[in-house]
Amino acid sequence: MKLFRMLGRSIRDAFKSVIRNFSLSLASISCITITLIIVALAIIASLNVQNFTKEIEKDMTIVAFIDSDAKEEDIETLKEEVDKLTNVDTYTYQTKVEVKEKMKEESDIFKTVLDNWEEDESPLKDSLQIKVKDIEKISNTAERIRKLDNISVVRYGENMVDKMISAFSSIEKVTYGIVIALILVTIFLIVNTIKLTISARKREIGIMRLVGASNFTIKTPFIIEGMILGLFGSIVPVLITTYGYLAFYNHFDGYLYSELIKLIAPEPFIYTTSLVVIGIGMLVGMIGSAGAVKKYLKI
């Protein structure tokens with residue numbers, strides 16, 4: 001009970017301190033706001049880049065063409081063999097007739113050419129359209145499929161896919177690095193701003209020590225004050241994250257320049273990002289305050 005009373009008093013004192021030292025508090029809140037806006041934008045950008053790469057990866061398909069003389073039982077056996085491969089997610093079997101109809105729908109030129117081919121003249125083959133679980137293992141999976149009986153040709157855009165996988169991996173690492181670097185810069189700026197704020201009140205801390213207040217009693221209101229400053233500083237970044245991203249998403253109809261670049265749906269993305277921003281603000285505020293006060297509690 002005593003602990004709850006002490007905590008309640010600390011929260012009350014923290015709010016009073018924020019109001020009493022309004023100009024210093026405003027400086028801390030402004031710094032937190034500016035840096036958290038940058039962090040929020042970096043998080044939104046990096047997660048959308050990763051989402052774009054994941055969507056591209058999902059569309060990557062291995063096409064395995066089946067020998068023309070393969071019998072129905074051979075094809076069923078082949079399907080079972082493909083299904084046993086650990087990296088195969090799903091596959092679709094298409095007959096050469098289905099492939100022909102699909103190609104005719106895609107282009108008038110194809111339609112004109114293919115209509116003049118009799119079924120026994122068609123160079124088209126039955127095929128398996130195979131999706132993989134791990135795109136980085138697509139080359140190995142394609143090689144294993146190539147070795148199966150009754151497979152004539154395997155294609156997955158080898159050169160382009162390998163380059164794209166390498167590029168996506170680099171982009172993912174770079175975006176993670178940028179976000180982490182910005183968070184570290186944010187922590188540095190906020191911590192030092194709060195330290196300056198509390199340094200200006202070292203006399204107040206000294207008086208509290210002289211009247212016999214314990215270190216815990218002195219530190220707690222300042223730590224809560226730092227948390228409050230972090231919370232207030234995250235309000236504008238959260239509003240920008242929530243309403244700004246929602247407006248951006250609606251303006252571009254969920255796509256950026258092309259349907260290939262699909263944006264992350266606002267819900268629950270904006271709420272998750274907002275919680276992360278609030279968490280960073282409050283946590284850094286508490287760390288900054290705790291570190292600054294600790295300096296003046298040393299005997």
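Colleague: How many helices and strands are there in the protein chain, and which residues does Ile130 contact, leaving aside its neighbours within four places in sequence?

Modeller: This is a predicted model, in which local features need pLDDT of at least 70, side-chain atom pairs count only at pLDDT 80 or more, and totals for chains, interfaces and linings use all residues. Residues are numbered from 1 along each chain as its sequence is written, and side-chain values use heavy atoms, with hydrogens and water left out.

The protein chain has 11 helices and six strands (DSSP runs numbered from the N terminus: H or I of at least four residues for helices, E of at least two for strands). Of its 299 residues, 37% are buried (under 20% relative accessible area, 1.4 Å probe, protein chains only; over 50% is exposed, in between partly exposed).

Ile130 belongs to the largest nonpolar core, of 22 residues, and is listed with Ile62 and Ile145 as having the most contacts inside it. Such a core is a set of buried Ala, Val, Leu, Ile, Met, Phe, Trp, Tyr and Cys residues joined through side-chain atoms within 4.5 Å. Strands E1 (62-66), E3 (127-132) and E4 (151-155) and helices H3 (72-84) and H6 (138-146) each supply at least two residues of this core. Beyond four places in sequence, Ile130 is in contact (heavy atoms within 4.5 Å) with Met60, Thr61, Ile62, Ala64, Val82, Val88, Thr90, Tyr91 and Ile145. Another core, of 13 residues, lies apart from this one and includes Ile29, Ala40, Ile43 and Val277.
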